[in-house]
Amino acid sequence: MKINTTLRHASCLALLGSLLLTGSAQAQSGETECIAPAKPGGGYDLTCRLAANGLEETGRIDQPMVVTYMPGGIGAVAYNHLNGVRTDDPSLIVAASTGAAVNLALNKFGDYSGDEVRWLGALGVDYGAIVVNADAPWEDLDDLMSDLQDKPGEIAFGAGGTVGSQDWMKAALTAKAADVSPQKLRYVAFEGGGEALAALLGNHIQVFTGDLSELKSQLESGKIRVLASLSEERMGGPFAEIPTAAEQGYDVQWPIWRGYYMGPEVSDEAYSTWVERMKALSEDPEFAELREARGLFPMSRFGDDFDQYVQQQIANFKSLAQEVGLGQ
């Protein structure tokens, strides 16, 4: 499946903008860059900042890492950019997550299968969450599911991705666990989690299927209520009072890794340097504090181990897509 004309046009604009933004940075020796494939404020922004702040604060890079935003196609523009323009840039990493594996499984990045880039590693893991406004009528997941069974088309879900994205799948699998057809869901797609959360707070949608790490500041503000985390067990710290979907009778889990990839023609030497740099960062106690402060939980997969993990996820998501009515 080719990406459509609109996406191609968006890709060209984004690529030109990115080259203007980053051209001067690349000219400076020793400077590194992370592309966040979305607008500021969402999970990809958090992923780039995790690497940028961690590497700088632990002294593993000499200059601050440049963070460039490249929205479009929920990651497709950035993936195409790396495979078509900056294929061998040894200073560039791109933020990725479980959502990228989902989109690759659904052919939303065009003809790419996922084995084109060099998957670098993951520095942390997050978990999905079912979120409503603090003044919403639902006190727990059972309340929401009961209304969803009665009037599925009247409750607007929203998140940072189109139908078939990981955020949609969180909603689809939760609904499916309550015997509600995912095809009956009313779903509003946004470019990133930041936009979707703003829509929730503005009462433009009623349910946000986001990630725990995106919610920490909002939890402190008291403006939202998290009906369920999609984790295997309750998380600690600020999330300790949030029940899992499983403990409320819905067998749904959705872990979201926060990781990175590099261009397909990056040299083995440059790739190995980044793998070792990320491994060392993940083991640093100072970095552990940074990760926890961002609401993330430990995960350490790098190099070939991470590449195999991502490829297996893509295969699994192809099967999962068929289960929720998105068979290719």
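Begin at the second largest pocket of this predicted model, which has a volume of about 250 Å³. Select Gly 41, Gly 42, Leu 46, Ser 213 and Glu 214: among the 14 residues of the lining, these lie nearest the centre of the pocket. Next, colour α2 (43–57), α7 (193–201) and α8 (216–221), the elements that each give two or more residues to this lining. Sorted by class, the lining of the second largest pocket comprises three nonpolar, seven polar and four charged residues.

To view the contact itself, display the side chains of Ala 51, Gly 54 and Leu 55 in α2, together with Trp 274, Arg 277, Met 278 and Leu 281 in α9, which they meet. The residues of this contact divide into five nonpolar, one polar and one charged.

How many cavities of 30 Å³ or more does the structure hold? There are three. The largest cavity contains about 220 Å³ of space. Select Tyr 44, Ile 74, Gly 160, Gln 166 and Asp 167, the closest to its centre of the 18 residues that line the largest cavity. Helix α2 returns here: along with α4 (98–105) and α6 (166–177), α2 gives two or more residues to the lining of the largest cavity. By class, that lining has three nonpolar, ten polar and five charged residues.

Finally, colour the chain by pLDDT. The average over the chain is 88, and 91% of the residues score at least 70. Which elements of the chain have the lowest and the highest mean pLDDT? Helix α1 (residues 5–26) has the lowest, at 40, whereas strand β1 (residues 33–36) has the highest, at 98.

Definitions and conventions. Residues are numbered from 1 along each chain as its sequence is written. This is a predicted model: local features need pLDDT of at least 70, side-chain atom pairs count only at pLDDT 80 or more; totals for chains, interfaces and linings use all residues. Side-chain values use heavy atoms; hydrogens and water are left out. On a 1 Å grid over the protein atoms alone, a cavity is a set of points where a 1.4 Å probe fits but cannot get out, and a pocket is an open set with protein on both sides within 12 Å along at least five of seven lines; lining residues have an atom within 4 Å of a point. Grid points are joined across faces, edges and corners, and a volume is the space filled by probe spheres set on the points. Helices (H or I, at least four residues) and strands (E, at least two) are DSSP runs, numbered from the N terminus. Ala, Val, Leu, Ile, Met, Phe, Trp, Tyr, Cys and Pro count as nonpolar, Asp, Glu, Lys and Arg as charged, and the others, Gly among them, as polar. Contact means heavy atoms within 4.5 Å. pLDDT is the predictor's confidence in each residue, from 0 to 100.
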